[in-house]
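Please look over the sequence and the model below. Then follow the chain from its overall build to single residues.

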Amino acid sequence: MGKAGGKAASFLPAAPLALFFAVAYLLPVAILTAVSFRPDLRASGWTLAHYAAFLGDGFNLSILLDTLWLGLQVVGVTLLIAYPLGLVYMRAGPRLRALLVFLILLPLLTNTVVRTFAWMAILGRNGLVDTVAATLGLADGPLRLLYSRTGLVIALAQIYLPLMALPLNNSLAKIDGNLLRAAEGLGASSAHLFRTVILPLSLPGAVAGCLLVFAGATTAFITQTLVGGGRQIFMPLFIYQQAIGVQRWAFAAAASVVFALTVMAIVYAFNRFARARLRGVDA
């Protein structure tokens, strides 16, 4: 058996998974893309009218940009929370690390819908946040976090924090402690140590976390709709309204394709940029 045959044989165990992926994901995407080029579900022929209608409407583009901005906001909040948590994890012993991993994974054991309803109760009028703020004298009335952008970002950040914390913790745990001790021995301050040693070496985990959180936050239909409310329209809800509400299935398919391609393009560009920076760090 030649090298080509050996390589082919090495991929055979992955063939069932690849087939399942093709049937369960690629086939529906192909059908969706085909529908987006049809004048209507019952009409024959092909057209770009739905793409022109979506891209030519400033309202539609504003929804797309607002959805992307929401994803970036959630990424920023999760990064600010995950790095301090990761620094504690990096310097912790085995028992504390196991406890931290358990606490990070614990929310994943609860369904996203349940966690979303929990956040509605926490952020709602006379909810936990309002009660605590009133008790401490921080607010005279309801904070009105539910159905607001601030409340939505908080809820999404909590829901997708494990996707940021786990890869970041993994990168931080791989940093050689001798490097940190050497930098500290040479008189590096905590801020300088973080900026010049910890941050560059933890970039692979941070990049992976950013990509996962961004993709998840921009497509979180349930949380965006329930916590954000009907006044805040993002792409998942917009597509749902076009398909189910007004029965514009072909237009909804075109909007879905544009949204998916935009998210994938941003993820790809950020990944390429991060890899280039990482090569510079390694060099």
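Predicted model: local features only at pLDDT ≥ 70, side-chain atom pairs only at ≥ 80, totals over all residues.

Residues are numbered from 1 along each chain as its sequence is written, and side-chain values use heavy atoms, with hydrogens and water left out.

Begin with the fold. The chain has 14 helices and zero strands. Helices (H or I, at least four residues) and strands (E, at least two) are DSSP runs, numbered from the N terminus. Read from the N terminus, the elements run α-α-α-α-α-α-α-α-α-α-α-α-α-α. Along the principal axes, the C-alpha atoms fill a box of roughly 75 × 75 × 35 Å. The accessible surface comes to about 16400 Å², and 69% of that surface belongs to carbon and sulfur atoms. These areas come from the Shrake-Rupley method with a 1.4 Å probe; for residues, only the protein chains shown count as cover.

How much of the chain is buried? Of its 283 residues, 36% are buried. Buried means under 20% relative accessible area, exposed means over 50%, and partly exposed lies in between (1.4 Å probe, protein chains only). Among contacts with a separation of 6 or more, 70% join residues 24 or more positions apart.

Now the interior. A nonpolar core is a set of buried Ala, Val, Leu, Ile, Met, Phe, Trp, Tyr and Cys residues joined through side-chain atoms within 4.5 Å. Which members of the largest nonpolar core touch the most others? They are Phe54, Leu156 and Met235, in a core of 52 residues. Helix H8 (residues 149-173) gives this core its largest share, ten residues. Leaving out residues up to four places away in sequence, Phe54 touches Asn60, Leu61, Leu64, Met235, Phe238, Phe251, Ala255 and Val258.

Helix H4 (residues 58-91) packs on helix H13 (residues 235-245) at an angle of about 140 degrees, with the axes 9 Å apart. Axes are lines fitted to C-alpha atoms, for helices over the stretch in contact, and angles run from 0 to 180 degrees between N-to-C directions. Angles under 35 degrees count as roughly parallel, over 145 as roughly antiparallel, 65 to 115 as roughly perpendicular and the rest as oblique. H4 is therefore oblique to H13. On the H4 side, the contact uses Asn60, Ile63, Leu64 and Thr67; on the H13 side, Met235, Pro236 and Phe238. These residues divide into five nonpolar, two polar and no charged. Here Ala, Val, Leu, Ile, Met, Phe, Trp, Tyr, Cys and Pro count as nonpolar, Asp, Glu, Lys and Arg as charged, and the others, Gly among them, as polar.

Stay with H13. Its buried residues are Met235, Pro236, Leu237, Phe238, Ile239, Gln242 and Ala243. What follows H13? Gln247 does, with a positive phi near 60 degrees. Gln247 sits in the loop between H13 and helix H14 (249-282). It is partly exposed, at 48% relative accessibility. Tyr147 is not a glycine, yet has a positive phi of about 65 degrees. Tyr147 belongs to the loop between helix H7 (128-135) and H8. Its relative accessible area is 49%, so Tyr147 counts as partly exposed.

Turn to the loop between helix H2 (15-36) and helix H3 (49-55), where Pro39 is found. Pro39 is partly exposed, with a relative accessible area of 35%. Beyond four places in sequence, Pro39 touches Ser44, Gly45, Trp46, Thr47, His50 and Ala250. Pro39 and His50 are eleven residues apart in sequence and 7.9 Å apart from C-alpha to C-alpha. Leu48 lies in the loop between H2 and H3 too. Is Leu48 buried or exposed? Leu48 is exposed, with a relative accessible area of 58%. Its C-alpha atom is separated by 6.0 Å from that of Phe37, eleven residues away along the chain.

Finish with Asn111, in the loop between helix H5 (94-105) and helix H6 (112-123). Asn111 is partly exposed, at 46% relative accessibility. Asn111 and Ile159 are 48 residues apart along the chain, and their C-alpha atoms are separated by 10.0 Å.

Note on methods: Contact = heavy atoms within 4.5 Å.
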